[in-house]
Amino acid sequence: MCPCRARSSHLVPDLPTVFICYRREDTADVTDRLYGDLCDELGEEQVFYDAESIAGGHDYEVRMLAEASKSEVLIAMIGPNWQPERLHNPGDAVAKELQAAFDGQVELRPVLAGSRAQMPHSTALPDSLKWFQKRNAVP
């Protein structure tokens, strides 16, 4: 059994709509597995994952921010190379997704993917995302 399958049920109870936020170069492999597991549990229509949920020709940013702000749960995948310093870049997609979810009052669940992954320290976060450091992460 995939380790994600054993853990995914405590991440998203009661069939909510789920948005998966991640950095491809950091957690694409484990995020792919989590996506598959969540689709098995909740149904594909309940899970938004950019690699599978955005059709060609659609405006990526508009769709991502709309989905992030209206989901019931945003799972933020944090791996050992998450690079929180990138959140200071106004064009950073992860920063925009996190902020859209926060503004939309979406439940946010950080997931530490890998033994070296850790939540960023508040000093590594831009002022607009300091709230993120107070979220409890699950392994």
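Modeller: Helices (H or I, at least four residues) and strands (E, at least two) are DSSP runs, numbered from the N terminus. This is a predicted model, where local features need pLDDT of at least 70 and side-chain atom pairs count only at pLDDT 80 or more, while totals for chains, interfaces and linings use all residues. Residues are numbered from 1 along each chain as its sequence is written, and side-chain values use heavy atoms, leaving out hydrogens and water.

Colleague: Which elements do the buried residues of H5 pack against?

Modeller: Val94, Ala95, Glu97, Leu98, Ala100 and Ala101 are the buried residues of H5. Counting contact as heavy atoms within 4.5 Å, these residues pack against E1, H4, E3 and E4.

Colleague: Now to H2: what does this helix span between its end C-alpha atoms?

Modeller: The expected span of a helix is 1.5 Å times one less than its number of residues. H2 covers residues 24–42, and a straight helix of 19 residues would span 27 Å. The span of H2 is only 23 Å.

Colleague: Where is the kink in H2 centred?

Modeller: The bend at a residue is the angle between axes fitted to the seven residues ending there and the seven starting there. In H2 the kink is about 40 degrees.

Colleague: Which element gives the most to the lining of the largest pocket?

Modeller: On a 1 Å grid over the protein atoms alone, a pocket is an open set of points where a 1.4 Å probe fits, with protein on both sides within 12 Å along at least five of seven lines; lining residues have an atom within 4 Å of a point. There are 13 lining residues, of which Tyr22, Arg23, Arg24, Tyr60 and Ala93 lie nearest the centre. H2, H4 and H5 each supply at least two residues of the lining. With three residues, the element giving the most is H5.

Colleague: Is Ser53 buried or exposed?

Modeller: Ser53 lies in helix H3 (residues 50–53). Leaving aside residues up to four places away in sequence, Ser53 touches Val47, Phe48 and Arg63. Because its relative accessibility is 18%, Ser53 counts as buried.

Colleague: What is the phi of Gln105?

Modeller: Most residues other than glycine have a negative phi. Gln105 sits in the loop between H5 and E4, and is exposed because its relative accessibility is 75%. Although Gln105 is not a glycine, its phi is positive, at about 55 degrees.

Methods:
Buried means under 20% relative accessible area, exposed over 50%, partly exposed in between (1.4 Å probe, protein chains only).
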